[in-house]
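User: Could you walk me through this one? I am new to it.

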Amino acid sequence: MLDDFMVRAALAGMGVALAAAPLGCFVVWRRMAYFGESTAHAALLGVSLSLMFEFSVFLGAIFVSLLMASLVTLAQGRSLFLDTLLGVAGHTSLATGLVVVSFISGVRIELMAYLIGDILSVSKTDLLLIWIGLVIVSVLLFWRWSALLLCTLNEDLAASSGLNPRRESYALTIGLAIVVAVGIKVVGVLLIISMLIIPAASARSLVSTPEKMAVFASLIGMLSAILGLNASYVFDTPTGPSIVCVASLIFIITLALSFFAEQFSAVVKNKKES
Amino acid sequence: MLKSGNNIMLIEIQNLNVAYGRKKVLENVTLTLSKNEIVTIVGPNGSGKTTLFKAIIGSIPIKSGSVVIKQNLKIGYVPQVLNIDRSLPLTVERFLKLAKNRNDQGFLRAQQILDSDDLLSSQISNLSAGQLQRVLLGHALMNEPDVLLLDEATRGLDQPGSAAFYKKIEEIRETTGCAILMISHDLHVVMSASNRVICLNGHICCQGEPKSVAASPEYASMFGSKVEGTLALYHHNHSHEGKGS
């Protein structure tokens, strides 16, 4: 079964979607979208370095994104212009990565694959790495779920009940680095942030608790991966961007649905009152 | 060490110094809290009130001095605000149950504080300032605390709102025997309920019973001599502050 590239692609897409969506909820709640994007951009430097020195792309990506995320977490609270700092660090790594790649002959064509992903060429090893990443991220989130929620709401409140907010946010950072690293093959460094935030944003209007939001985001992420894969097959379009387009379409639909539901309930309420 | 006379000491702070970088925030602060006490800390903005709380809950490093907390002391912390983004769906019930070491008795107490069962299924982001304050207080009661720490708990409440809130605090002390340490800028309402008032401005300027503090020259110089007897003016300012937040 795993010998079929379409099956491998579907499993890879679902794996990344499942890992990204619940983590993406925290990215949205903690307003870390830009942090996530900068971390993902930084990963390209890791990719180029690993191509240059011929070691695993996955390791290179995870190493640089962890480094970047750790530096930013350290700077947090000490620097007033965190946003700017993120932009500087993320884009510096992205640019350096692109420059480094230009020194290696023959990889230039491959570069696009790391920017927007190349899910159809996922190997069995890639697939294994993706699903190991998924298991680690899921266990991490499941274990730290309540603690992370409390830290998100108020760090002093969390500290007063014996938690260490810095450690918790570092756990989140590690999860983010893993998702970026496993997502590169599927949607690439430019689009991985969308797999984090778009399913979470779509799920928001459908739910009333954080846990349900994580579950719905995962379902929406998986649906986008499968539909996007099929769409790219039918229309012969690049797969990574197709997956993201489907996710965006779902976002627009849920937004419209919740808008009409609000209007409808307002009308019903008015009728009852008059 | 944690016993003086018949009082059981819950928190004992000795010569505490805290600095952010080179800036001294707290200097030689000594303060104790015993069972059943209500202690109010007042002081202008930037006087180190919140820093003192952070030192008690252990979220900032202290430079020198000591903060001794009675063993296994259960702390209920009531923060000023929640960083709740509109993207985070959270019902009141789910928030209450996020509390660590909660128990059924605590949940019952929290529900009594909420005053309404409908509130449990409401979204936190839709609450009014008064409702949110009750929810935060309820959250702090979930583990049946020995000490309640309240950080500007009446911020954003109007005068009747804060009066009602303080009445609840007194009830909690009476029914549970829980000690209360609160930060406030809302002098007149607080003072009637507290056993002790501490004026903080980096260091402790003065402390004592509410009446004696209100009459002390240090207090007058800190808040301006007009404070006493001009309740209306003071509260007028306060309510503006509330709307802005």
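User: Which residues of helix 1 of chain A meet which residues in helix 8 of chain A?

Analyst: This is a predicted model, where local features need pLDDT of at least 70, side-chain atom pairs count only at pLDDT 80 or more, and totals for chains, interfaces and linings use all residues. Residues are numbered from 1 along each chain as its sequence is written, and chains are lettered from A in the order in which they are written. On the helix 1 side of chain A are A:A12, A:G13, A:V16, A:A19, A:A20, A:L23 and A:F26, and they meet residues of helix 8 of chain A including A:L172, A:G175 and A:V186; contact here puts C-beta atoms, placed from the backbone, within 7 Å.

User: At what angle do helix 1 and helix 8 of chain A pack?

Analyst: Helix 1 (residues 5–29) and helix 8 (residues 165–187) of chain A pack at an angle of about 150 degrees, their axes 10 Å apart. That makes helix 1 of chain A roughly antiparallel to helix 8 of chain A, a word used for angles over 145 degrees.

User: And helix 9 of chain A, how many of its residues are buried?

Analyst: In helix 9 of chain A, 13 of the 13 residues are buried, so this helix is largely enclosed by the rest of the structure; buried requires 20 or more other C-beta atoms within 10 Å of a residue's own, all placed from the backbone.

User: Switching topic, how many residues does each chain give to the contact of chain B with chain A?

Analyst: Chain B gives 21 residues and chain A gives 21 residues. On the side of chain B that touches chain A, helix 1 (49–57) and strand 6 (75–78) of chain B each supply at least two residues.

Notes:
Contact = placed C-beta atoms within 7 Å. Helix = DSSP H or I, 4+ residues; strand = E, 2+ residues; numbered from the N terminus. Axes fitted to C-alpha atoms, helices over the stretch in contact; angles between N-to-C directions. Parallel < 35°, antiparallel > 145°, perpendicular 65-115°, else oblique. Buried ≥ 20, exposed ≤ 12 C-beta atoms within 10 Å, placed from the backbone.
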